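Welcome! Please take a moment to look over the sequence and the 3D view, and then read on for a short tour.

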Amino acid sequence: MSVGMIVLTALAVLIFFGVLQRVLDRMYLTDRQALAVAAAMFVGTLIPNINLGPVALNIGGAIIPLAICIFLFIKADTGLEKGRTLLGCFLTGAAIFGLSLALPSEPEQLMIEPMWLYAICGGLLAWVLGRSRRGAFICGVLGVMLADTATAVVNWSRGIDQQLVLGGAGVADAVVVSGVLAVLLCELVGEIVERMVRGRRKEGTS
């Protein structure tokens, strides 16, 4: 079982027991919807890719996450949030693409799998740039996809005939981990800040 599938399974368990209720509420998703999405992504990664010439799309690793991003973007509260999210997507993608160029060409030279680095980098940047849980998820998911697309465009410009597979293999893991990590960071930091604010208010009224 891949890392992405393990993460999705863990999320499904947490959702089932109501641990992520607050996060889902802020992302405008019910428990049933979130469970259905997690299950669809899990099963979708097992289905063969949809080939569109030079581009191939994985259902669970690209199409479903992209649909969720569109849904969350439409649900954004303000135009400012939408603009910040779009900017965050491109900046996250650029950062991951730059990281891919800076890393050694041989994965064996690294102590960690490159896709893990992309996912962690994407999750951290998405948290910083997305600001909201919705924006963070979108930045994390689309940032990885944009970086992968940029790599393919560079290869095509060099005459390398290589199909762009969005959401396939390790990329699906990076998409899932990046998006989930970004949301969890937002929730964790948001909870800490809220408790600090409540603590200061109590001190001020005592």
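## The nonpolar core

Among the 43 residues of the largest nonpolar core, those touching the most other members are Met 27, Phe 137, Val 141, Leu 142 and Met 145. A nonpolar core is a set of buried Ala, Val, Leu, Ile, Met, Phe, Trp, Tyr and Cys residues joined through side-chain atoms within 4.5 Å, where buried means under 20% relative accessible area (1.4 Å probe, protein chains only). Helix H7 contributes the most to this core, with 10 residues; helices are DSSP runs of H or I, at least four residues, numbered from the N terminus.

Leu 142 touches Leu 66, Cys 69 and Cys 89, leaving out residues up to four places away in sequence. Contact here means heavy atoms within 4.5 Å.

## About the model

This is a predicted model: local features need pLDDT of at least 70 and side-chain atom pairs count only at pLDDT 80 or more, while totals for chains, interfaces and linings use all residues. Residues are numbered from 1 along each chain as its sequence is written, and side-chain values use heavy atoms, with hydrogens and water left out.

## Where H6 meets H7

The crossing of H6 and H7 is right-handed, meaning that the near helix is turned clockwise from the far one by less than a right angle. On the H6 side the contact is made by Gly 122, Ala 126, Trp 127 and Gly 130, and on the H7 side by Gly 135, Ala 136, Cys 139 and Gly 140.

## A buried asparagine

Asn 155 is found in H7, and at 15% relative accessibility Asn 155 counts as buried. Setting aside neighbours within four places in sequence, Asn 155 is in contact with Ile 160 and Gln 162.

Key: Helix = DSSP H or I, 4+ residues; strand = E, 2+ residues; numbered from the N terminus. Buried < 20%, exposed > 50% of the residue type's maximum accessible area, 1.4 Å probe, protein only.
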